[in-house]
Amino acid sequence: MTSIDILGPHVPVIHNTLIAIIDSQMILVSIAVVLFYFLKDRQALRYSLLCLAFFINGYLTYDLILSVDGGKVYRYIYWAAMDVLFIAIVAYWALKDKMYMWQSIVCQLVVIPAPLLQLFRLVDRHLMDLSYSGYLYMTVLPLVNYATVFLCFAPLIYLIGRNTKRNRSSPSSQDAS
């Protein structure tokens, strides 16, 4: 019995819900892109643009991958490869000071479960014919995606905190007169 059999007739509902989540994540990442463009924070903008590019790629290739991969094997390899590519780009940019190092490290720690889970799903479904990965797959991957989106806004939170701290520690202009 596969995980699809366990899920039963609710699969279209789950699929439509996942598409809605992806759309909301793309909207949030798009907001981050616009925000950091106007704030002129190139490092935060670069990460947000990368996230947007990968979300668009995933959204546009999802149905194509499913239609081409009838054996349900190559989709997991492709998605794991995309996750590894994302991690590699983030790591490279951090080393070249094109992205915040702290954001890159947190991103890598957040995203690393995704390719591992994709490959576990492949082994679980096709080599062992079990359904253990279905539950993890439906919970961990959305959490990874949301954490990745949250990291788009993390530099803004850092910036607000730094400005608040600076305003508290500096004397006001009335005290200086």
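1. A residue is called exposed here when its relative accessible area is over 50%, and buried when that area is under 20%. Please keep in mind that this is a predicted model.

2. A search of the whole structure turns up eight aromatic pairs. One of them joins Tyr37 and Phe38 in an edge-to-face arrangement, with 5.5 Å from centre to centre and 75 degrees between the planes. Both partners, Tyr37 and Phe38, are exposed.

3. Another pair worth a look is Tyr76 with Tyr137, also edge-to-face, at 6.0 Å centre to centre with planes 80 degrees apart. This pair links distant parts of the chain: Tyr76 belongs to helix α4 (residues 74–95) and Tyr137 to helix α7 (residues 133–169), and the two are 61 residues apart.

4. Are Tyr76 and Tyr137 buried or exposed? Tyr76 has 2% relative accessibility, so this residue counts as buried. Tyr137 has a relative accessible area of 14% and is therefore buried, given the cut-off of under 20%.

5. If you have the model open, do follow the rings onward from here. Tyr76 and Tyr137 belong to a cluster, linked by ring pairs, that also includes Tyr62 and Trp79.

6. Tyr137 has a charged neighbour as well: Arg121 lies over the face of the Tyr137 ring, 4.7 Å from the ring centre. Elsewhere, the charged end of Arg46 sits over the ring of Trp93, at 5.8 Å from the centre of that ring.

Conventions:
Residues numbered from 1 in each chain as written. Predicted model: local features only at pLDDT ≥ 70, side-chain atom pairs only at ≥ 80, totals over all residues. Heavy atoms only, no water. Phe/Tyr/Trp six-rings, centres within 6.5 Å; stacked < 30°, edge-to-face > 60°. Buried < 20%, exposed > 50% of the residue type's maximum accessible area, 1.4 Å probe, protein only. Helix = DSSP H or I, 4+ residues; strand = E, 2+ residues; numbered from the N terminus. Lys NZ or Arg CZ within 6 Å of the ring centre and 35° of its normal.
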